[in-house]
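The structure is shown first, and the description follows.

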Amino acid sequence: MAEPQPSAVQEGAAEPHAPTGTADDRKAAAALSTLDTQEDNGVQKDVDGKALDKAVKRLSVKDTKADEKKNVKVEPADVNLLMQELELNKQQATDLLKIYDGDCVKAMTAYVKGKA
């Protein structure tokens with residue numbers, strides 16, 4: 001049998017988050033926390049749309065692999081080889097070579113195996 005909960009604890013209440021630094025952060029956190037809440041009668045509460053928009057825009061989920069461009073010098077002959085053999089355009093061939101540090105064999109092998 002479950003132990004009785006203290007009167008200060010409400011069922012389904014989440015733990016409060018750590019305090020945020022700025023007023024904008026607190027407003028955004030409040031907008032996000034009320035996003036899924038409903039009143040007792042089942043009607044959804046009003047949400048501050050501007051604060052919610054700001055919070056969503058400030059979320060930064062980035063794919064580090066895609067954003068990280070290596071500064072690698074690639075040989076034009078290698079680019080042409082990948083373009084001909086793998087039927088890639090010039091930009092795709094160049095990007096593939098940069099991922100594999102200009103190594104044409106590694107780039108082709110990875111592309112054929114589906115790792116690139």
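This is a predicted model: local features need pLDDT of at least 70, side-chain atom pairs count only at pLDDT 80 or more; totals for chains, interfaces and linings use all residues.

## Overall composition

The protein chain contains six helices and zero strands, where helices (H or I, at least four residues) and strands (E, at least two) are DSSP runs numbered from the N terminus. Along the sequence the pattern reads α-α-α-α-α-α. Of the 116 residues in the protein chain, 17% are buried; buried means under 20% relative accessible area, exposed over 50%, and partly exposed in between (1.4 Å probe, protein chains only). Of the contacts (heavy atoms within 4.5 Å) between residues at least 6 apart in sequence, 28% join residues at least 24 apart.

Residues are numbered from 1 along each chain as its sequence is written.

Helix H4 spans residues 76–86, and its buried residues are Asp 78, Val 79, Leu 82 and Leu 86. Viewed down the axis of H4, these buried residues fall within an arc of 105°, so they line one face of the helix; the arc is that of the directions from the helix axis to the C-beta atoms. An α-helix has 3.6 residues a turn, so residues three or four places apart point the same way.

The face turned away from the buried side of H4 carries the exposed residues Pro 76, Ala 77 and Gln 84. Just after H4, Glu 87 adopts a positive phi of about 55°.

## Packing against H6

The cover over the buried residues of H4 includes helix H5 (90–99) and helix H6 (104–113). H4 and H6 pack at about 25°, their axes being 11 Å apart. This angle makes H4 roughly parallel to H6, a term for angles under 35 degrees. Asp 78, Leu 81, Leu 82, Glu 85 and Leu 86 of H4 meet Cys 104, Ala 107, Met 108, Tyr 111 and Val 112 of H6.

## Packing against H5

The axes of H4 and H5 come within 9 Å and cross at roughly 115°. The contact joins Asp 78, Val 79, Leu 82, Met 83 and Leu 86 of H4 to Lys 90, Ala 93, Thr 94, Leu 96 and Leu 97 of H5. For both pairs, axes are lines fitted to C-alpha atoms over the stretch in contact, and angles run from 0 to 180 degrees between N-to-C directions.

Definitions and conventions:
Side-chain values use heavy atoms; hydrogens and water are left out. Angles under 35 degrees count as roughly parallel, over 145 as roughly antiparallel, 65 to 115 as roughly perpendicular and the rest as oblique.
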